[in-house]
Amino acid sequence: MCRTEDRPISGVLFLWRPGPRSGGQSVFVRNPTAEKAVKKRSVPGWLLPANHRITRRSAEPGDSCSALQGSVTKLADNTHSYAFNDLSGSVSLAWVGDGTGVILALTTFHVPFFMLRFGQSKLYRSENYGKSFQDVTTLINNTFIRTEFGIAIGPENSGKVILTGDMSGGLGSRIFVSDDFGNSFTHHDLPFNPLMQIMYNPHDANVLLVISNNKELWLSENFGTNWKKIHDMVCLVKWGVKNTIFFTSNLNGSCIEHGMLELRRTTDYGKTIKTVASKIFSFGLGGRFLFASVMTDKGVSRMIHVSVDQGEVWNMAQLPPVGHEQFYSILAANDDMVFMHVDEPGDTGFGTIYVSDDRGTVYSKSLERHLYTTTGGETDFTNVTSLRGVFITSVLAEDGSVQSVVSFDQGGEWLPLQKPANTKCDATAKDPDKCSLHIHAAYSTSMRLNVPMLPLTEPNAVGLILAHGSVGDAMSVMKPDVYVSDDGGYTWLQALKGPHHYAILDSGGLLVAVEYSTTQPINQIKFSTDEGQCWGVYNFTSEPIQFTGLASEPGARSMNVSIWGYRESYFSQYWVSVTIDFRELLTRDCDDADYVQWLAHSDDLSDPKDGCMLGYKERFLRLRKDSVCWNGRDYQVNTQPTPCLCTYDDFLCDFGYYRKENSSVCVEQPDLKGQVLEFCLHGREEQLQTSGYRKIPGDKCEGGTMPERKEIDLSKRCVSDLLGSELPSHSSKSVFIVITVIIIMLLSVVAGVLFIKKYVCGGRFLVHRYSVLQQHAEANGIDGMDDALETSHTQNGKRDFHDDSDEDLLE
């Protein structure tokens, strides 16, 4: 299965091309059949215990395990089973509203026949978190619902739902809309056939946006009752801030002509439209940043441009340009910074992560040899939402093996993951006492390894991470186990043997898991009230089911979890949902005595800087491991931030500087040493005077070490001409002067100046950057265009990123 190397290692996961793709659909389906890469202050995994003296928060095993006694009777009285009497091949679930208990289940069965398709859909509704369902198919007039568009749920707690179906005879499209949490539906026939799922305005759920299959952009301001066409020949569309709409179009009639698109903006729902950039390859939004991938004049490469004012002014990002066979990808973004992946030339399967300044313009190198396959578009980049500043990803080692690394400071430093204390190094380790943990994520699922779930974290479950992994020198292809971290990835515990589906309930006060098997039916669920130290087992049925998935309300506040699967006989198959309410297991509400203070990022209590991360300390009130009580739906994360004095750890290496391995000192890049550093910002040539450091975006340290840094306006215009005529342009005299200067520079071979213009003002150079977390693909693009990626948090399931390596993933 894996390619061989000069020194084959049994059981090691190697990069393999081409990688198979996974559907990434939010449905259940029946019969589911680096050391050299870490260039900044990195240390081998086996040195971590000496440098990071973190110990796990733990309770005496007997204390927490004894609390689970007598749970079987409580759970048996709160277990509810429901059988769906239809033969559908898949079921889609959607929670409507927060804390309402409303679930919609859409079952679908269809058979394609030449250019037509025949099938049926059934809609079920629950008002009690799935304990029982009512067949409400009559509300949609027994219409066949197009599952590729899913169940579109409105933003916030609007109670709005949209289902997209076919009209009788399949000659048109019809939508069913609800504004009362799916209790009733109204249908509207569409004057077009949608190409994508209908998009809500995030700030006004009555306003809808969609691209038709003939590439027209349509908008409704009254929740689908009436529609108006905004524009023809639209390739990609995105909501911006408030009522702003961005879209790319090509009047030549083709969305396949990369680099020939125009980026347009409207703030009044299409009454007025402004072209803000041309020569666009693709665009995306992240935090307050608007990104555009722009073709150069020669058309052989493209570069990233950034705007922080909705496209009025653009700056060229100081990133390497990419050719036709490469791509850019935003891995994560907020209002302070951007993580950007830049693909390496050739079909290497890796690239470099760069991290931005607070303007999204100046970038620094964060991680080399970052795994991001070109054929399948898989990256293991994971934002650990349960603790500030933590990211986990994979690198491709020079021997072709895949290894996990973690950053606790927003990409400033990457380290191997510490080996769990209750594990031994596997056969991939050269030294049985020196190895690290490797986390399975999207790449493993693309390789069809037995990894049913991606890493799971929740913002309201502080410090918790659940993930599949292996322990050795590199990621293993053998059956993974489930590991739990309770401190944001510093330390780990092997919690369960073998692959499982898992979920976080009650803001981390309860963990549940179901063992995953593609062949054996199951009838047990496991649960833990001490963050994975001790697990209880409950037999939820006397008739095992073929397990397909575990479902709980998004947000990790619910106490209900549903086990989905099906039963089959010689003559029939039918879906079964078993919902367990764990509320009676936690017999009392938590009080102040159940919580204890916890200092995040703490590894040496004797150090006055202990816990300082990105300029401040955070103390949390966290549930004691031996407390068996209910946090409740109203639980809020309690944190007490304290500012820290600035040290060099609060600074990234500035433009033109880098850190040598195992060093915190920023030194000049050899190829730029002694050169004047200039770059283009807000249409002006700026000269950078720096001692080699710049503050990490979002860092809140005060006083202490403050390296000198300033930017000097050289009073020279330097606006890129790549974005088209509506941007500020030079006069003909200025153009003549620029051309003359360029010719003189070429003829006189002023190597230093030419070098800086090439490598500092947009060419290839070595600096560090951020990457933007891409969670899942939206159906907002046209065939041949980018698969647009949302930055909304998605925990479960494989997500498709892109089909080809020449597509920029800017969302």
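This briefing walks through the disulfides and the nonpolar cores of the structure above. It's a predicted model, so local features need pLDDT of at least 70 and side-chain atom pairs count only at pLDDT 80 or more, while totals for chains, interfaces and linings use all residues. Residues are numbered from 1 along each chain as its sequence is written, and side-chain values use heavy atoms, with hydrogens and water left out. Taking a disulfide as a pair of cysteine sulfur atoms within 2.5 Å, the count comes to 5 disulfides; here are some of them.

**Cysteine 425 and cysteine 435**

- These two form a disulfide with their sulfur atoms 2.0 Å apart, and at -85° about the S-S bond the link is left-handed.
- Both cysteine 425 and cysteine 435 sit in the loop between β30 (415–416) and β31 (436–439), 10 residues apart. Strands here are DSSP runs (E, at least two residues), numbered from the N terminus.
- Cysteine 425 is buried at 13% relative accessibility, and cysteine 435 is buried at 5%. Buried means under 20% relative accessible area, with a 1.4 Å probe and protein chains only.

**Cysteine 590 and cysteine 629**

- The sulfur atoms of cysteine 590 and cysteine 629 are 2.1 Å apart, making a disulfide. It's right-handed, because the torsion about the S-S bond is about 95°.
- This pair links distant parts of the chain: cysteine 590 lies in the loop between β41 (573–581) and β42 (595–599), and cysteine 629 in the loop between β43 (616–623) and β44 (639–643), 39 residues apart.
- Cysteine 590 counts as buried at 17% relative accessibility, and cysteine 629 does too, at 1%.

**Cysteine 646 and cysteine 701**

- Here the sulfur atoms of cysteine 646 and cysteine 701 are 2.0 Å apart in a disulfide, and the S-S torsion is about 95°, so this link is right-handed.
- Cysteine 646 is in strand β45 (residues 645–646), whereas cysteine 701 is in the loop between β51 (693–695) and β52 (702–704), 55 residues away.
- Both cysteine 646 and cysteine 701 are buried.

**Nonpolar cores**

- A nonpolar core is a set of buried Ala, Val, Leu, Ile, Met, Phe, Trp, Tyr and Cys residues joined through side-chain atoms within 4.5 Å.
- The largest one has 41 residues, and Phe339, Phe381, Ile392 and Trp492 touch the most other members.
- Strands that each supply at least two residues of this core include β23 (328–333), β25 (350–356), β28 (391–396), β29 (402–407) and β32 (465–472). β31, one end of the loop holding cysteine 425 and cysteine 435, also supplies at least two.
- There's a second, separate core of 28 residues, with Ile175, Leu190, Ile198 and Trp218 among them.

How values were computed: Helix = DSSP H or I, 4+ residues; strand = E, 2+ residues; numbered from the N terminus. Buried < 20%, exposed > 50% of the residue type's maximum accessible area, 1.4 Å probe, protein only.
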